[in-house]
Each structure stands twice: as C-alpha cells, then as structure tokens.
Amino acid sequence: MEEILYIKIEQNIPVQKRTLTYKDIASLYCTNKNLVQNLEKEIFYTLPTDCKQKTIFTISKVYEGIHKLYPDLQIENIGEQSFIVDLEQPDNKEKSKTREYIKTCFVAFIVFFGAAFTIMTFNEDVSVSSVFNKVYELIMGSSKQGGSILEVSYAIGLPLGILIFYNHFRRRKIKEDPTPIQVEMSTYEEQVNKAMIKTASREGHTIDSN
C-alpha cells in the first residue's frame with residue numbers, strides 16, 4: 001500500500017529562529033513513523049538576514065522540499081494553502097513586554113472613557129431618567145423626590161451585566177466558551193492574515209515552488 005503523508009499547517013506560525021525545519025512549520029502524520037521523525041529534522045527553509053518579520057509561503061514550496069527527499073511520497077494537505085511565518089525577536093522580549101503593557105493601559109484608558117461617554121449619551125438620548133420617573137409614579141402613585149431604587153439597580157446592573165456578558169474573569173470563568181472579545185480578536189487576526197497573503201500573492205512576494 002502506498003504511504004500517504006498528511007500535512008497540517010496553520011495560517012500564522014510564530015518562530016524565533018531563521019533556520020526552519022518541517023517540524024517548526026507543520027504537523028506531520030504518516031503510518032511510517034520513521035519517515036515522519038526523519039522528515040521533521042530536515043531543513044525546510046532558511047530565512048535571510050535581511051528578510052522582513054513576516055514571510056509568506058505556499059504549500060507548493062513545502063511539497064517541493066519534501067519531494068526532493070522522497071520523490072514517490074504521496075502528500076495530502078489538510079491545512080492552509082498559504083501561510084505566514086512570523087519571525088519574532090527573542091532579544092527584545094523584555095522591551096516588547098513593557099511596550100505591550102503600555103499599549104494595553106492606553107487602550108484600556110480610551111475604551112473605559114469612551115464606553116462611559118457612550119452610555120451617558122445613550123441615557124440622555126432615550127431620557128432614562130424620565131422613564132424611571134414615570135415607572136416610579138405608576139407603581140408608587142406619586143412623583144419621586146431625588147434618587148430611588150430604580151437608579152441604584154440600574155447603576156449596579158449595567159456594569160455587572162457587561163462583566164457577565166464578556167465572561168472575562170481570568171482564571172475564574174463562568175463557562176469555557178471564548179468571550180466575545182476573544183471571538184472578535186480571532187476574527188480580526190484571521191482577516192489580517194488573509195489580507196496579507198492576498199497582498200503578497202498579488203505583488204509577487206510569496207515564496208513558491210521553483
């Protein structure tokens with residue numbers, strides 16, 4: 001029976017070295033375990049020193065390298081047709097962490113006050129205070145003076161509802177499903193990767209088989 005090698009490659013692959021083996025870029029499976037072990041040690045590509053941080057490859061380049069080693073091997077791709085190799089800089093790891101913390105604090109600052117402004121303008125636009133006055137008058141039979149349980153419940157329930165909806169309590173999560181923010185970030189990352197791959201292919205910057 002002819003042996004089949006199954007290859008699964010993710011859309012974006014972070015690496016910290018320039019000499020890439022097949023194990024670095026792909027998950028390999030074959031009934032011949034020795035073939036997989038030997039192939040994982042083989043060099044797929046060496047990134048030049050002047051290359052950009054992100055390099056785009058096609059699956060044809062992977063096929064070409066494997067067939068040079070095993071000409072008669074049948075290959076089945078169960079992953080991406082094109083993929084991005086993201087070269088990280090391990091030397092600047094601490095500096096990068098500090099920069100990320102600063103960015104996170106800055107974004108959190110903008111989001112916090114932006115959300116607060118949005119909630120306030122929404123409340124004024126729909127006149128929440130007058131709605132509370134009418135509800136209080138319908139239930140109690142008289143106009144309210146100052147604040148009431150309605151405003152207190154609303155002020156507590158709004159932030160509590162947001163926290164429960166986003167389900168982002170670090171280690172203590174209500175459920176194991178990804179949060180809405182994680183879903184949006186995953187969708188955004190996928191769209192960015194697809195755009196980069198299409199742009200590189202259109203401009204002829206994709207590394208393909210010879």
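## Basis of the values

The model is predicted, and local features need pLDDT of at least 70, side-chain atom pairs count only at pLDDT 80 or more, and totals for chains, interfaces and linings use all residues. Residues are numbered from 1 along each chain as its sequence is written, and side-chain values use heavy atoms, with hydrogens and water left out.

Buried means under 20% relative accessible area, exposed means over 50%, and partly exposed lies in between (1.4 Å probe, protein chains only). Accessible areas come from the Shrake-Rupley method with a 1.4 Å probe, and for residues only the protein chains shown count as cover. Helices (H or I, at least four residues) and strands (E, at least two) are DSSP runs, numbered from the N terminus.

## Aromatic pairs

Rings of Phe, Tyr and Trp (its six-membered ring) pair if their centres lie within 6.5 Å; planes under 30 degrees apart count as stacked, over 60 as edge-to-face and the rest as tilted. The structure has 9 aromatic pairs. One of them joins Phe-44 and Tyr-45, with 6.3 Å from centre to centre and 45° between the planes, and is tilted. Phe-44 is buried at 8% relative accessibility, while Tyr-45 is partly exposed at 21%.

Phe-57 and Phe-83 make a stacked pair, because their ring centres are 5.7 Å apart and their planes stand at 20°. This pair links distant parts of the chain, with Phe-57 in strand E6 (residues 54-58) and Phe-83 in strand E8 (residues 82-87), 26 residues apart. Phe-57 and Phe-83 are both buried. One aromatic cluster is formed by Tyr-22, Phe-44, Tyr-45, Phe-57 and Phe-83.

## Salt bridges

A salt bridge is a side-chain nitrogen of Lys or Arg within 4 Å of a carboxyl oxygen of Asp or Glu. The structure contains 4 salt bridges. In one of them, the side chains of Asp-86 and Lys-54 meet at 3.0 Å, N to O. Asp-86 belongs to strand E8 and Lys-54 to strand E6, so this pair ties together parts that are 32 residues apart in sequence. Asp-86 is buried at 11% relative accessibility, whereas Lys-54 is partly exposed, with a relative accessible area of 30%.

Two further salt bridges lie within helices. Glu-64 and Lys-61 form a salt bridge in which the closest N and O atoms are 3.4 Å apart. Glu-64 and Lys-61 are 3 residues apart in helix H3 (residues 59-69), so about one helical turn separates them. Glu-64 and Lys-61 are buried. In the other, the side chains of Lys-194 and Glu-190 meet at 3.4 Å, N to O. Lys-194 and Glu-190 are 4 residues apart in helix H7 (residues 180-203), so they too are separated by about one helical turn. Lys-194 is partly exposed at 37% relative accessibility, and Glu-190 is partly exposed with a relative accessible area of 35%.

## Two sides of helix H2

Helix H2 spans residues 33-41, and its Leu-35, Val-36 and Leu-39 are buried. Seen down the axis of H2, the buried residues fall within an arc of 95°, so they line one face of the helix. The arc is that of the directions from the helix axis to the C-beta atoms. Asn-34 and Lys-41, on the other side of H2, are exposed.

## Nonpolar surface patch

Patches are made of residues with over 30% relative accessible area and no salt bridge; like charges are joined within 9 Å, and nonpolar side chains (Val, Leu, Ile, Met, Phe, Trp, Tyr) within 5 Å. Phe-106, Val-107, Phe-109, Ile-110, Val-111, Phe-112 and Phe-113 form a nonpolar surface patch, with about 750 Å² of accessible area together. Phe-106 is in helix H4 (residues 93-126) and is exposed, with a relative accessible area of 53%.

## Cysteines and Asn-133

A disulfide is a pair of cysteine sulfur atoms within 2.5 Å, and by this rule the count is 0 disulfides. Cys-30 is buried, with a relative accessible area of 1%, whereas Cys-105 is exposed at 53% relative accessibility.

Asn-133 is in helix H5 (residues 128-140) and is partly exposed at 34% relative accessibility. The C-alpha atoms of Asn-133 and Gln-89 are separated by 59 Å, with the two residues 44 residues apart along the chain.
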